Every structure is written in structure tokens, then in C-alpha cells.
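Hello,

I am passing a structure on to you, with some notes to read beside it. Please have a look at it first, and then go through what I found.

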Amino acid sequence: FFFKGVRFYCSDREADYILIKLSPKSNRKMLAWLVTWFLLIETVHCSHFRGGTASWRYNATADAVEFTRRTFWVYRPGLNCADDLSNSVFATYQCSGTCVPQQQDYINCTDSSTSLAFVTGERKFAYRVSSRQEGLFSSCCWFDDSAWQFKIVADVTSKLPGVVNTSPVSLQLPVIRIQSGCGQGTISIPVADADGDVVKCRWALSSNQECGDVCQRLPNGSLDKLRCKLDLSSVGVGTYIAALQIEDFSPVNNINTSYSSIPLQFTIEVYTHSGQCADLPYLSSGLSNGSRISIKPNCMWTYTIAASSSSGSRISEIVMASPVGLKTYNLTQIGNSSQWYINVCWTPDATQLGPNIFCYAAVDSLQRMSTTQCLVLYVSADVQFCNSSGRTCSGCSIGYSFASNNETCIDNDECTLGTSGCTQLCNNTIGSYTCSCNTGYTLDSNNHTCNDINECVSGTSGCTQLCNNAVGSYTCSCNTGYTLDSNNHTCNDINECVSGTS
């Protein structure tokens, strides 16, 4: 059965609709729940759609399915998320059918970028559904007036006795800019699945009502479905839309039917530039792409994103697609160098259990973009300790933190705090620290670890005959017929005739 409901009016376009496809086994009570709650969509600037994603998970306590929808829009001054991410976008819902005539709610703002001209927001909805059901979000328009469509499939039947599936999650920056010919032609699609299912990616299909007017809008692009990687090496200069479906499958049984299907849609801009590829901005520190960080609920996670630019430009922005509640501070240059950094912090709550994807990239003053890096922030009550226990979310420079007045930045004494990582000697400096070693050791190339010096091999012992290396030291000894001098280095001949030992 198909039911059409929830019509909302955009500021400059016609109304939106949603279609829900119900399995024949769904009863009228469940239908009433669906029509009442699932068919609620926020009022947005519909002609400036930039993509988004959606996911779902089963909440056993509430005996309901929680849907999460992330939407991307074109940046507009005056749109709440564009001006202040602590704001929310106010939404009024108009509903037809068996439901309350009008509902009102807010969308949490998450990210905003002036360089790439996007804003993002996220909402969560909880519904009681049964069996396998499909939700269709559709409207007009993308930034080029193409109609958009989202399709999400949720199968809440038990895949194992007492086990209900949870969909995979995915996220990407709303806009990815690639300089042609610079070897940036591979885009990794970050995916994670709380159940450990096999996750695959495929192109969204028009026949499945998954992508509106933007199906197959990435000509000559190829998709590695198993590794979820886009190959753009044969894609020419232009603006494209990637419309994908992310699906999870049994890791044990060879079954071709997915447990669920979620959308991911974003924009790709391939451009030419007179600058050299070596001059592109790049992320110069931090975790590797795809890293997983385990975080305990209500524990603060802090992270520093550093980026470098060429001599002819500067880093103008670190663009992000982040979890709700992640806080950022001002982009700061390190002295007069080409390095810039931004501090972020996030304290997840119990509603954010499971994998949360965080993506970021650097954009320079010439509008060139670094490669994108994504992390999986996995929130779990099984994490025993707060990784950042005792740390605060600080807008101070690296090596500094707020004083008790929360206004003045003071030096962190990493040696006293025990955060330096030096294995032997720690020397605090203003805004930083250095490590050094005791006598008999040398500092490793990592500038933290001390390695034993083998004085016997290096020839620095001063032993005139035999040298015996020890950890952090050495001893000298002598051949038969000699005795060690009081200086512990020189060997003196034993006069056996005089000593009576002949």
C-alpha cells in the first residue's frame, strides 16, 4: 500500500510530499502511528537542497524505531544554521490523513561553511513500526532545480532470535572539491555498522524511487561496492551529484537481500586551477582516515585538527560534517608558519550510542580543498574510562588551557601533568615541552623514547681492553695477566714475579 501525506510549503517552491510503503502485514494501528509521526518533514529552502543521509535503529526500551535524518542545504545568510550553529531551524508540519493537523518542532544545526556554501541540520524521530517498511522523502529542488528523493528501508523483523537489526550509518561532507589531475580521484565513503554486518554501497536507482532527477549524475565514475570507494579518475571537469544507497547484509549467510538500505547524497566539484598540485592544502596531523575512537557517554572527547597551506595561500576554513553537539573553536595560525589548527570537543549523550561519523577537510584562501578525512566516534557504555578524564574543552592554543577564570590562557606544564609521553626526562617550555635522556641513553627519532647507548659498539667507552655493555651503562675488564686500574678503564700489567704468582 502507498500512502501520501505530510505536505510542507517551501519558501520559494511548491510543496513537498513523502510516500510510505507499508507491508501488507502492517495493521491499521501501525499505519496510524506512521501517518501521524513518520510523515513529518521540516520546512526548508527546497530549491537549495545539497543532499544528506538517514539511518535508523531499534530502541528496545521504547519498543520503537528511531530514525535520524541529516539534511544539507546551500548556505544562505539569515538561515539560522548559517548564522549560529547553536540555533535550530524552526519547522512547521502540515499533515493530511489520520494525524494531528499541525505539528511544530526544531532541527538541530550541526555544520556551516561559507567556503563551500553549505549548512546542515539533523532531526531524530521515534516511531512504532513492524516488519519491513520503506520511507520515501521527495521534493524539489537541488541547487540546479533537479527534483530530490530519499529512500530508506527498515526491516525490524528479528534477524536472529531476540535480535533486531540496526541500519548502517554513513556521512560525507556536503561538497567535495577536487583539483583535476592532482591524484585526488578516489573518495572513500565512510560507513559503520553497530551490528557488525557486512556493509556494501551501490548506486541509487530511479526504478526504486531512490534519487529523483539525480540518478546516475556522476558519468564515468565507478564504485567499488565492497570497499565503498568512488573512483573519479575518468571524470571530467564539472559539478556532479553522487547518489548512493548503503546496505547491510548478513556476515554469516550468503543472502542477497539486505536488512536495510539508507541514502547518502552529496555534491562533487571537479575544477582546474593554475596552481601546482603540490600547493594544495593538506591535513598535517591527527588520526588516520577511518580510525575508530571509543568514547563513554557523557565523557568529553577533545581533538586538534591541524592543516598546512602553501606559501601563496593560507588555510581559510576547516569544513566539517560532525555529530550533533560537537563544539569548535576559532581557526588559529601557529606563529607565522603555514600551519593552522582548530580545536574541537564533543560530549555524547546516551541517545548517541553506537557509531557516529565525523568528517573534515581544509580549504585554503584560493578555494582549494584537501583530501577529506573521516573518523568513526563509537559511543559505548562498555568503555570503562573517560579517555579525556580531567581535560576541558578549550579554545586556547596548543599547549595552553583556560585558567580558573575561563578567560585567560595559561601554559600547560605537560611534565607535571604527566601528559608529555617522555620516558625519562621532561623539560617544560612555554606552550610546549621537550624530552631528554639520562646519561647512557640517546633520544629516539620520535623525540619521546630513550634508547640505550651501547658504548662498546660505538667506541665511546674508553676501555683499553674488554668492554661489557649494560642497560644505561657499561663496565671495563681486562685480559688474563692484567688488572683493572682504579680509573675503571685502564688495564695494568700484573708482574707475576713481584706478586709471587709466577
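The link of Cys211 and Cys215 is right-handed, with 100° about the S-S bond. Both Cys211 and Cys215 are buried, where buried means under 20% relative accessible area, exposed over 50%, and partly exposed in between, using a 1.4 Å probe and protein chains only.

Before the rest, a word on the basis. This is a predicted model, in which local features need pLDDT of at least 70, side-chain atom pairs count only at pLDDT 80 or more, and totals for chains, interfaces and linings use all residues. Residues are numbered from 1 along each chain as its sequence is written, and side-chain values use heavy atoms, leaving out hydrogens and water.

**More on the disulfides**

How many disulfides does the structure hold? There are ten. One of them joins Cys422 to Cys435, S to S 1.9 Å, and this link is left-handed with -75° about the S-S bond. The pair links distant parts of the chain, 13 residues apart: Cys422 is in the loop between helix H3 (414-417) and strand E32 (425-429), while Cys435 is in strand E33 (residues 432-436). Helices (H or I, at least four residues) and strands (E, at least two) are DSSP runs, numbered from the N terminus. Both Cys422 and Cys435 are buried.

The sulfur atoms of Cys437 and Cys450 are 2.1 Å apart in another disulfide, left-handed with -95° about the S-S bond. Both Cys437 and Cys450 are buried. Cys497, by contrast, is exposed, because its relative accessible area is 66%.

**Aromatic rings**

The whole structure has nine aromatic pairs. Rings of Phe, Tyr and Trp (its six-membered ring) pair if their centres lie within 6.5 Å; planes under 30 degrees apart count as stacked, over 60 as edge-to-face and the rest as tilted. Trp301 and Tyr303 are stacked because their ring centres are 5.3 Å apart and their planes are at 20°. Trp301 and Tyr303 are both buried. Phe49, Trp142, Phe143, Trp148 and Phe150 make up one aromatic cluster.

**Charges over rings**

Which ring has the charged end of Arg177 over it? That is the ring of Tyr271, with 4.2 Å to its centre (NZ of Lys or CZ of Arg must be within 6 Å of the ring centre and within 35 degrees of the ring normal). Lys200 lies over the face of Phe249, 4.7 Å from the ring centre.

Best wishes

Notes:
Disulfide = S-S within 2.5 Å.
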